[in-house]
Amino acid sequence: MTKQKSDYAATEASLSTHAVPEWFRDSKFGIFIHWGPYSIPAFAPLQQDKPDGPADNIMQGFKYNPYAEWYLNTMKFEDGPTAQFHRETYGEDYSYDNFGEAFNASLENWDPVAWAKLFKTSGARYIVLVSKHHDGFLLWPSKTPNPHKPNWQTERDVVGELADAVRAEGLKFGIYYSGGIDWTFKSKCIETIQDLMAMPGDAEGYIEYANAHYHELIERYQPDYLWNDIGYPSQQASFDILADYYNTVPEGLTNDRWISPDGDLKADAFERPEGMTGVLPPKPPVWDIRTPEYGMFDHILPFLWETTRGMGHSFAYNHREVDADYLSPGAIATMLASSACFNGNVLLNVGPRGDAQLDPAQAGRLESIGGWLKAKGQAIQDTRPVALPDKSVDGINIGATRNADTLYLHIFGKPGLGTLEVQLPAGLGTVMSLEQLGGEVGDWSIDQATLRLTINEWADKAVQIFKLGLSV
């Protein structure tokens, strides 16, 4: 049952009773947008730029950070490729602040309605926009402007205009805010994990500044999703924000990146659970979903999660990345099917260019995955995961989803053609029909929960999906 307005107190006990809304469970697919002054230079090191060295060389990792949205930090390594690019392209004394002016100028060419229509076509059901990244630049004309950088925000209300456009398409709208890092308050170069953890909670005035932004964003835009990053300076302040948010948007959603220095904010707090690629951020006292970055789970867990990643190696647009650096449409389809089978969602990032246009290669992938979801989305969206007795068939990983009267079997690859045997879960009910979405099935039979089916041709390059009609 949905809690009514003003039910939540700013305490761990009260906030922990908030339930993940059904719209998120049904959606499965959202789009992240990293776009700001860093989109003007649109540069980050590539993997081949990084010299060979110890795998645990953290400083080298930050120097060769593949995230273009970290440009302001990465350019501070004077002997790194970003600093070299900046000197050669803009000059030794060219300030990053100039990119803010250029970004504002580019907004004359921005069409949020066109973006929203493409996002709708992609099959995504929610959009999360970065309202402030680590460089501190605001994508809305805030009543609380930056005290250290005048005009360090957009003149157009990018947040509000995009919110209106995507909601007009029937999509949910979320807001990202970098609560744990703001380089306008603490500009020290981040070279180590310890530097990362020290940003910037003890800077004078920062907590009041960030609090004011969060309450303003909640009041003005009532986001369906509040996506904090890197932590928050005060645990109690985060509780105050979440209480305000849940009371304003009871069907809202928050992530798990609210850990604070007065909590367990240590480098070794990052998790790598069994059966997962990537890492999980430290878990705060209050959260709705976990958010592995460039990571996936291969089994059902007792919590909901959302994998987030760029189409390539960066979230923001990196002009050096080419088509081969991006996920293929088949790889995106596999992510969507796999996450749905194991209790997760996919938040796939697009990085618009500095001219306010979407990169054609990224836009093309959104169109492709939209076509795939139109044909196969019934097995992904509005379903729930089902545990299978076995994790693979013929050496290929498998999973399952279902709705009220249908079970969908997902095969993540191409086993050998011919007869396959798949163990079905107990208590499934009677299987009345079986078809391969987009393809054909030969003979099939079920004996003591063992499904035997003959496949003469696979329907998909990446994911094979079988629809089993049930009598329950």
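Author: Two strands pair if DSSP finds at least two bridges between them. Strands (E, at least two residues) and helices (H or I, at least four) are DSSP runs, numbered from the N terminus. In this predicted model, local features need pLDDT of at least 70, side-chain atom pairs count only at pLDDT 80 or more, and totals for chains, interfaces and linings use all residues. Residues are numbered from 1 along each chain as its sequence is written, and side-chain values use heavy atoms, with hydrogens and water left out.

Reader: Which residue stands opposite Ser445?

Author: Strands of a sheet pair through backbone hydrogen bonds, either parallel or antiparallel. Here, Ser445 faces Arg452 in β15. Strand β15 (residues 450-455) and β14 are antiparallel, joined over four bridges.

Reader: In what order do the three strands of the open sheet run?

Author: The order is β12-β15-β14, with antiparallel pairing. The edges are β12 (418-423) and β14 (444-447), each pairing on one side only.

Reader: Which residues touch the most other members of the largest nonpolar core?

Author: In soluble globular proteins, nonpolar side chains tend to be buried together. A nonpolar core is a set of buried Ala, Val, Leu, Ile, Met, Phe, Trp, Tyr and Cys residues joined through side-chain atoms within 4.5 Å. Here the largest has 126 residues, and Ile31, Ile33, Trp35, Phe119 and Trp372 touch the most other members. Helix α10 (residues 206-221) gives the most, eight residues.

Reader: Is Gln153 buried or exposed?

Author: Buried means under 20% relative accessible area, exposed over 50%, partly exposed in between (1.4 Å probe, protein chains only). Gln153 counts as buried because its relative accessibility is 15%.
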